[in-house]
Amino acid sequence: MRALPLFILSAVACAAEPQSATNECLRAAYDPVARTFTVTDVRAGRTWTTLAGAELSDNALRWYLDGTELVVEINLPPETPQPRPLAFPGPFRAEKGDRFILPHGCGFSLPADFPDFRPHELDRLQVYSRDMKMGCWAQYAESVASDGSLRQGAGMLAILETPADAWVSFAFRAGGLRAAGPEWSPEKGRFGYARRIRYAFFDAATPGRLAARYRTEMDRRGYRVTFAEKARRNPRLAAGLNLLKGAPDIWYWTTRTNKAEVARELRRIGFGNFLFCSITRRDLGVWVTPEEVRAVAEIPDVLQAEYDIYTDTMEPAMLDKIDAVRPHWPLEVWERGDYVADANGVPRRGWKVALKSDPAKPVIGCLRLCERQAPSYLRARVARRLVEAPYGARFFDVTGTSVGTCDNPRHPLTRRQSVEARRALLAIAGNEFGLVTGSEDGLECYVPECDWFEGNFSAARWRVDGGRYMWRIYDETPPVMERAIDPATRCPFWEMVFHDCVSSTWYWTDYNNKFPHDWWKRDLLNVVSGTPPMYLFTPEVFEEQKDRLAASVRVATPVARATADAVLEEFAWLTADRLVQQARFSNGVVATVNFGDRPFTLADGTVLAPRGHHVVGLASRGSP
């Protein structure tokens with residue numbers, strides 16, 4: 001968006017009187033004594049006022065209006081010591097009835113009085129981590145319309161233009177309501193670089209309008225690269241990307257050598273194209289041989305992925321002291337000094353493995369390979385694997401989850417540099433080997449290099465089992481998971497920005513069939529967001545759940561397949577309890593779901609049964 005500054009403010013100039021700026025849409029003022037902004041949206045008739053922000057030194061603040069947006073920039077000399085996060089501007093006060101959209105997982109719409117699930121669970125959320133996968137959040141008013149549907153009123157979208165070291169404070173404030181505001185962490189103890197946030201104001205802040213504005217921002221940064229553009233840039237990916245679109249994510253968890261047999265059985269019971277994930281060389285308890293890989297590769301419409309966690313290794317002196325040595329560990333990392341280190345020079349530890357010294361089973365963390373040093377290791381590993389077996393896709397665990405830092409003097413990294421280093425690393429699989437690329441969780445900055453994000457559709461703070469008991473099936477859904485899949489609070493904001501760029505799935509301890517009691521909810525959440533399901537099973541679970549898997553895939557995949565190249569343009573709650581929801585896609589597909597326990601009649605007279613769904617536009621898209 002073109003910036004036309006109407007007012008520039010310095011702390012020196014503002015020492016006496018409040019300063020103001022006005023255009024045809026907004027009236028804004030900054031009070032340097034109270035350290036607060038006041039913005040009146042004349043279209044909506046709402047005045048937005050911040051709580052007090054942190055104190056700033058002289059000449060640190062610049063702000064201006066840009067059409068319907070307020071831009072705030074904090075700038076200090078890069079070497080200025082910054083011992084703690086800087087909270088400025090303060091958060092806008094919430095009013096009763098306000099809600100917030102937070103990009104935690106695929107997205108949640110939470111009321112301003114949303115309670116803590118655990119003490120201070122949501123008080124502080126790190127951007128570019130499992131907490132916040134996108135550098136934005138929204139605040140808006142909501143009311144019940146005369147027809148019983150929900151209507152969004154005046155709203156604001158906060159866009160972090162410098163997100164790498166940002167946090168979002170989402171704590172309870174005045175009046176017992178939450179408020180959301182930025183905190184800027186230091187860059188290795190220094191201010192580092194200018195920090196900038198943009199607030200876009202709306203008279204009617206529907207999810208679709210908010211998402212459209214953020215799509216524009218992602219276009220500006222080059223992060224919104226569609227499947228079609230990825231195939232155009234790299235024609236070797238075209239066939240694999242076509243198989244990925246709408247593909248269920250399948251993990252078959254076993255040491256048995258019947259992977260191809262199970263893949264063929266999935267095709268027989270109604271699975272179309274699907275992603276079949278495997279782990280090679282006995283890692284995490286699963287064994288897949290090159291012969292099995294080749295057998296699966298011969299099955300039509302199956303995209304086979306190999307799992308990789310290139311970040312883990314161990315110093316050689318510890319190999320005799322731990323209970324299992326992973327064959328994929330690059331042991332030369334230790335002598336080359338290519339590991340991540342803290343400021344005191346001590347190696348930073350990652351995934352924990354057990355020591356042999358029973359009975360307490362103490363553990364030690366793996367060394368972590370620095371992303372700046374990783375490309376040569378990755379190239380060698382992928383090339384070696386492809387000689388053995390014809391994988392079509394590569395899944396990188398951990399890498400897409402966050403950004404990091406490194407204080408090893410041989411290869412130091414700030415969080416900003418880590419973003420670029422991980423992007424370059426993730427690009428290798430596709431650009432150099434023609435492999436469809438996936439990673440865990442996923443962040444907006446990795447969309448250009450990745451084609452699917454496993455776990456992005458889940459809520460990272462509301463998970464069970466971590467990464468150690470993926471195969472466990474629960475008879476009863478734990479309370480923490482009930483919150484994670486509460487349809488009344490979920491909002492597919494990520495999908496509204498990146499639906500036609502990357503495929504998002506559940507996590508591998510949070511898949512459709514893991515909690516059978518609420519399996520139907522996950523299927524309907526897939527329907528109304530156009531996302532594919534995820535299934536993980538052992539041989540025993542597969543036999544037990546086969547009929548239900550066949551029924552589930554017929555519900556959960558058609559919209560994802562039909563809309564893979566479309567934009568999710570609008571999402572709406574059609575009832576006051578938020579349990580009847582509708583998604584509209586740019587290619588004409590409209591999906592409506594009913595999470596409630598009463599029938600709902602659509603505008604065209606269609607009666608939507610409890611736990612039911614209704615989709616129009618599939619036939620014209622050629623969906624099965």
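Helices (H or I, at least four residues) and strands (E, at least two) in these legends are DSSP runs, numbered from the N terminus. This is a predicted model, in which local features need pLDDT of at least 70, side-chain atom pairs count only at pLDDT 80 or more, and totals for chains, interfaces and linings use all residues. Residues are numbered from 1 along each chain as its sequence is written, and side-chain values use heavy atoms, with hydrogens and water left out.

**View 1. Glu 187 sits in the loop between β13 and β14 (195-202).** Is Glu 187 buried or exposed? Glu 187 is buried, because its relative accessible area is 11%; buried means under 20% relative accessible area, exposed over 50%, and partly exposed in between (1.4 Å probe, protein chains only). Leaving out residues up to four places away in sequence, Glu 187 touches Asp 165, Gly 192, Tyr 193, Arg 195, Thr 414 and Arg 416. Contact here is heavy atoms within 4.5 Å.

**View 2. Three strands make an open sheet in the order β9-β12-β13, with antiparallel pairing.** Its edge strands, β9 (124-126) and β13 (181-184), each pair on one side only. Two strands count as paired if DSSP finds at least two bridges between them. Direction ignored, neighbouring strands in this sheet are turned by 30 degrees against each other on average. Axes are lines fitted to C-alpha atoms, for helices over the stretch in contact, and angles run from 0 to 180 degrees between N-to-C directions. Take a look at β9 and β12 (residues 166-169): they run antiparallel and are joined by three bridges. Across from Leu 125 you will find Val 168 in β12.

**View 3. Strands β1 and β2 are joined in a hairpin through three residues.** The two strands, β1 (residues 19-22) and β2 (residues 26-31), pair in the antiparallel sense over four bridges. Ala 21 has Ala 28 in β2 as its bridge partner.

**View 4. The largest nonpolar core has 145 residues.** Trp 137, Leu 157 and Phe 493 have the most contacts inside it. A nonpolar core is a set of buried Ala, Val, Leu, Ile, Met, Phe, Trp, Tyr and Cys residues joined through side-chain atoms within 4.5 Å. Strand β11 (residues 150-160) gives the most to this core, with seven residues. Setting aside neighbours within four places in sequence, Leu 157 is in contact with residues including Cys 136, Trp 137, Tyr 199, Phe 202, Tyr 214 and Phe 493.

**View 5. Eight strands form an open sheet with parallel pairing, in the order β24-β23-β22-β21-β17-β16-β15-β25.** At the edges are β24 (503-505) and β25, each pairing on one side only. Strands β21 (residues 393-396) and β22 (residues 436-440) run parallel, joined by four bridges. Phe 395 stands opposite Gly 438, and Phe 396 stands opposite Ser 439. How many of the five residues of β22 are buried? Five of the five are: Val 436, Gly 438 and Glu 440 point one way, and Thr 437 and Ser 439 the other way.

**View 6. Helix α12 (residues 539-556) has a kink of about 65 degrees, centred on Gln 545.** The bend at a residue is the angle between axes fitted to the seven residues ending there and the seven starting there. The 18 residues of α12 have end C-alpha atoms only 22 Å apart, short of the 26 Å that a straight helix would reach; that expected span is 1.5 Å times one less than the number of residues. Buried residues of α12 include Val 541, Phe 542, Gln 545, Leu 549 and Val 553. Among the elements covering them are β15 (249-252), α4 (259-268) and α11 (519-529).

**View 7. Asp 441 has a positive phi of about 60 degrees although it is not a glycine.** Asp 441 lies in the loop between β22 and β23 (452-454), and counts as buried because its relative accessibility is 0%.
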